[in-house]
Every structure is written in structure tokens, then in C-alpha cells.
Amino acid sequence: MRLLALDLSLTATGVVDPDGNPDTLKPPKNMVGGERLDWWHRTFVVLLDQHQPNRIAIEAPYVGHRNNTLKLGELYGVFRLALTQHGRPIVIAWVPPSSLKKAWTGDGRADKAEMRRAANCILDQDLTDLDDNAIDALALWWTTKQGCWDTTTGDAA
């Protein structure tokens, strides 16, 4: 399984590549609107080409503040476009935030500090250099590798 895990965000997307290497991708701070979406599209294309995943785990968007939801919808659409242009079938596991938190910490309402503590404990590593976006992507990657989410079916791109 060549698994790519993503915690999508307009300002900082957590990514874990198929080898388990976490990172956070951030567009330049002065980018907004269409320019920032274009930057994300180009970044997603490079990620897909570079890592050639056949499975992707994505933290499903939190449906909260209306304005944020609309902007995130645009980002998810840009990601979907990059997947379509990639041309190879990829199975996607859409993981609700509360389900990820429950699988990772035992509490579906865990906060960022609890997610970090669980990461340090489960992975037995010092992860202080990682931000919360990378921690969430790492939790997605690890729980998917452990079989918590069905990546044999799902939303094939």
C-alpha cells in the first residue's frame, strides 16, 4: 500500500508520505483567494506525481463556521481536480475528525494537546518539531496502516 495521509487546510496542510515521513506544507503568507488555490493545486499535483499513492487518507472537513466551510470546500475541490488530472485510480478514506480522535486517543473530542501526547506515546518519538497539522496527518497515516479505515473500497478518484 502506497499511502499518503493529508490533513487539508488553506494555510497549513499536514502530510505524511508513503514512507511515514511527516511534513507541513504552507503557501506564502501573502497569498489569498485564487492565487492561493492555484498554489495548492500545483502542490497537490507535485505530491501525487512524487509519491504515486494508491491509497489516500484524508481528515474530512470539520463543518463549523460557514465562511470557513465554503473556503475549505474550494480547497477540497482543488484537491479533487488534482486527483482527476493524476489519472490513476486512488482509493480515498475520508475520516471524520471525531473518529480520528477516538481511534488515536480514545476520546472523540480530544484537543490538539491530547493528540500530540498520544502521538508521542504511540510512536515513542519526540515529535516536538511537528506542528498540529503534521500530528493529525501522522495519526491518519498510522491508524490507516493499522486498518482502522477501509481503504480497499471507498471514494475512488
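How are α3 and α4 oriented to each other? They are oblique to each other. The close-ups below come from a predicted model, in which local features need pLDDT of at least 70, side-chain atom pairs count only at pLDDT 80 or more, and totals for chains, interfaces and linings use all residues. Residues are numbered from 1 along each chain as its sequence is written, and side-chain values use heavy atoms, with hydrogens and water left out.

**View 1. Helix α3 crosses helix α4.** Helix α3 spans residues 97–105 and helix α4 residues 112–123. Helices here are DSSP runs (H or I, at least four residues), numbered from the N terminus. The two axes come within 9 Å and cross at roughly 45°. Axes are lines fitted to C-alpha atoms over the stretch in contact, and angles run from 0 to 180 degrees between N-to-C directions. Oblique covers what is left after roughly parallel (under 35 degrees), roughly antiparallel (over 145) and roughly perpendicular (65 to 115). The crossing of α3 and α4 is left-handed (the near helix is turned anticlockwise from the far one by less than a right angle). Leu-100, Lys-101, Trp-104 and Thr-105 of α3 meet α4 residues, including Met-115, Ala-118 and Ile-122. Contact means heavy atoms within 4.5 Å. Ala, Val, Leu, Ile, Met, Phe, Trp, Tyr, Cys and Pro count as nonpolar, Asp, Glu, Lys and Arg as charged, and the others, Gly among them, as polar.

**View 2. Helix α4 packs on helix α5.** Helix α5 covers residues 132–145. The axes of α4 and α5 lie 10 Å apart, at an angle of about 50°. That makes α4 oblique to α5. This crossing, too, is left-handed. Among the contact residues are Lys-112 and Arg-116 of α4, and Asp-132, Asp-136 and Trp-142 of α5. By class, the contact has eight nonpolar, no polar and four charged residues.

**View 3. Phe-44 and Phe-79 form an edge-to-face pair.** Their ring centres are 5.0 Å apart and their planes stand at 85°. Rings of Phe, Tyr and Trp (its six-membered ring) pair if their centres lie within 6.5 Å, and planes over 60 degrees apart count as edge-to-face. Phe-44 sits in helix α1 and Phe-79 in helix α2, 35 residues apart. Phe-44 is buried at 1% relative accessibility, and Phe-79 is buried at 2%. Buried means under 20% relative accessible area, exposed over 50%, and partly exposed in between (1.4 Å probe, protein chains only).

**View 4. Trp-104 pairs with Trp-142.** This pair is edge-to-face, 5.5 Å centre to centre, with 70° between the planes. Trp-104 lies in α3 and Trp-142 in α5, so the pair ties together parts 38 residues apart in sequence. Trp-104 is buried at 4%, whereas Trp-142 is partly exposed at 26%.

Terms used. Helices (H or I, at least four residues) and strands (E, at least two) are DSSP runs, numbered from the N terminus. Rings of Phe, Tyr and Trp (its six-membered ring) pair if their centres lie within 6.5 Å; planes under 30 degrees apart count as stacked, over 60 as edge-to-face and the rest as tilted.
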